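Good morning, and thank you for making time. I would like to walk through one protein model with you, from its overall shape to a single residue.

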Amino acid sequence: MSVASKVSRRLAEGIAPEVIEHIYGPRLAGELAATFPYLGALNAAHLVMLARQAILTPAQADAIATGLLQIAEEGPGAITPDPALEDAYFNIEARLVTLIGADTGGRLHIARSRNDLSAAVDRLRMREILLDLLDAAAALRRTLIARGAAFADVVMPGYTHLQPAQPITFGFYLTGLASALERDAARLLDAWPRLNLSPMGAAALATTTFPVDRTLTARLLGFDGVLEHALDCVASRDFSVEIVAAAAQMSLTLSRFAEDMHVAVSHEFSSVEFPDSVCGTSSIMPQKKNPVVLEHLKAKAAHVVAGFASAGACIRASHFTNTLDAHREGQAMIWPALGEARRALALAGIAAATVTPKADLLLARARANFSTATDLADALVRRAGMDFRTAHHVAGAVVRHLMDAGLQAHEATVAMVDAAAQEVAGRAAGLDAETVAEALDPTRSVAARKVTGGTAPAEVRRMAARMVESLARDEALTAGWRAGIAAAEVERGAAVRALAGR
């Protein structure tokens, strides 16, 4: 142990080796590279603000700007990480001091703290991740919508409880997923106004006596405004919890898609196909074609949910101020969890783009598996004057008779329907053969459902067109946000170069 701390003369002893090993060493190993661009942006914006507020002299601002530009050009690889300096910020500050001297380099930290810096780094980092998630979600939505419209006529059994329920189309299924993802994306989009606010100027928790311009700093960083209350600035990471929660919900949607496809591609179902390029094989069984993308996709949701649970557990009962349990430990699992959410979107995109339904097989199953029984009950209501509950019992009796006879749904006859009606209602149904055949035809069943949100191919394509419009609006939002960040980067860079006389 060294005789004194490298970061504070308040501490008469150096950091214990165990603290280096278990806290600062592991933190710094990943933190320096991950946060380097964000700390660079924050240093640049803060410098420009200090100079314009005359808190620094022109000569001091020139020297600091020159040093920051050199550090940015060198990249994080020029800094030898020293865990005795605790974190990435102190390591970068030490490099600046080495380049321009302590008297000048140490002035960059006027009117700020690692507390507002850390909160700002987390917001900048989360902002980039959020935009990447939204872009990936938009790409997946576009794929699902396009393929949904393309497969709007591919009739298949719809399932509830994993049992044949009613005929749908493969396009109806895919656009259903796109509809759910539209809401998942909306939750992420909704987080932006609360995320993109600057905490800079809060300092440790009580602001500063220097005449800082918080609005200028926010603008130079591409924030939409200032998070006003200084204590809230450093105490809260609710934006991270909100976003990982939204990402967890989105990942759950994707995992359900993967589960459906995993069942559908099984030998027993064999109702869809995936190309060899997205599958694996066995080290011992030469016949195997394993749906590895789907298996990994199903599991990704667990990692994202775990990140949300970890953050909540760490933040729970922490003090409402800057605390390491809430902010360092609380954020620790969020970053990898969001990385897993991004991978889940990519894997779902592969699956959605490459899955091919076996149209003939699916139609044959929809004809045979009694999923049109509800349509028969509806025909009894319309044509035989029955109440729906009685009609439901009659249709159920027809299904039972067909099953007992080893027949399929489309093999039902008028005589069978009349016999079931006599048994249940005490009278013949009186339906003709054409009506019975039409009721039990899955293609007609699908086409007849023209109400809003129904399975009719025209309605599926109408919904797909509406989803395309919604997607375009969402993409315009994210493009605008990216443009704002890019404009701030240009302004900030020009201002720093001007201070350095470049």
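This is a predicted model: local features need pLDDT of at least 70, side-chain atom pairs count only at pLDDT 80 or more; totals for chains, interfaces and linings use all residues.

Residues are numbered from 1 along each chain as its sequence is written, and side-chain values use heavy atoms, with hydrogens and water left out.

The protein contains 19 helices and six strands; these are DSSP runs numbered from the N terminus, helices being H or I of at least four residues and strands E of at least two. Its C-alpha atoms fill a box of roughly 100 × 50 × 40 Å along the principal axes. The radius of gyration is 31 Å, whereas a compact globule of 502 residues would have one near 23 Å; this radius is taken over C-alpha atoms, and the globule rule is 2.2 Å times the number of residues to the power 0.38. Of the 502 residues, 48% are buried, meaning under 20% relative accessible area with a 1.4 Å probe, protein chains only.

Let us turn to the helix pairs. Two packed helices are described by the angle between their axes and the distance between the axes. Axes are lines fitted to C-alpha atoms, for helices over the stretch in contact, and angles run from 0 to 180 degrees between N-to-C directions.

Helix H5 (residues 114–150) packs with helix H19 (residues 457–499) at about 160 degrees, their axes 10 Å apart. H5 and H19 are therefore roughly antiparallel, a term for angles over 145 degrees. The residues of their contact divide into 13 nonpolar, three polar and nine charged.

For helix H10 (residues 292–315) and helix H11 (residues 324–332), the axes come within 8 Å and cross at roughly 165 degrees. This pair, H10 and H11, is therefore roughly antiparallel as well. Ala311, Cys314 and Ile315 of H10 meet Asp325, Ala326, Glu329 and Gly330 of H11, where contact means heavy atoms within 4.5 Å.

Finally, where does isoleucine 64 lie? Isoleucine 64 is placed in helix H2 (residues 58–74). Isoleucine 64 counts as buried because its relative accessibility is 0%. Leaving aside residues up to four places away in sequence, isoleucine 64 touches Leu47, Leu56, Leu96, Ile100, Thr104 and Leu108. The C-alpha atoms of isoleucine 64 and alanine 353 are separated by 51 Å.

How values were computed: Angles under 35 degrees count as roughly parallel, over 145 as roughly antiparallel, 65 to 115 as roughly perpendicular and the rest as oblique. Buried means under 20% relative accessible area, exposed over 50%, partly exposed in between (1.4 Å probe, protein chains only). Ala, Val, Leu, Ile, Met, Phe, Trp, Tyr, Cys and Pro count as nonpolar, Asp, Glu, Lys and Arg as charged, and the others, Gly among them, as polar.
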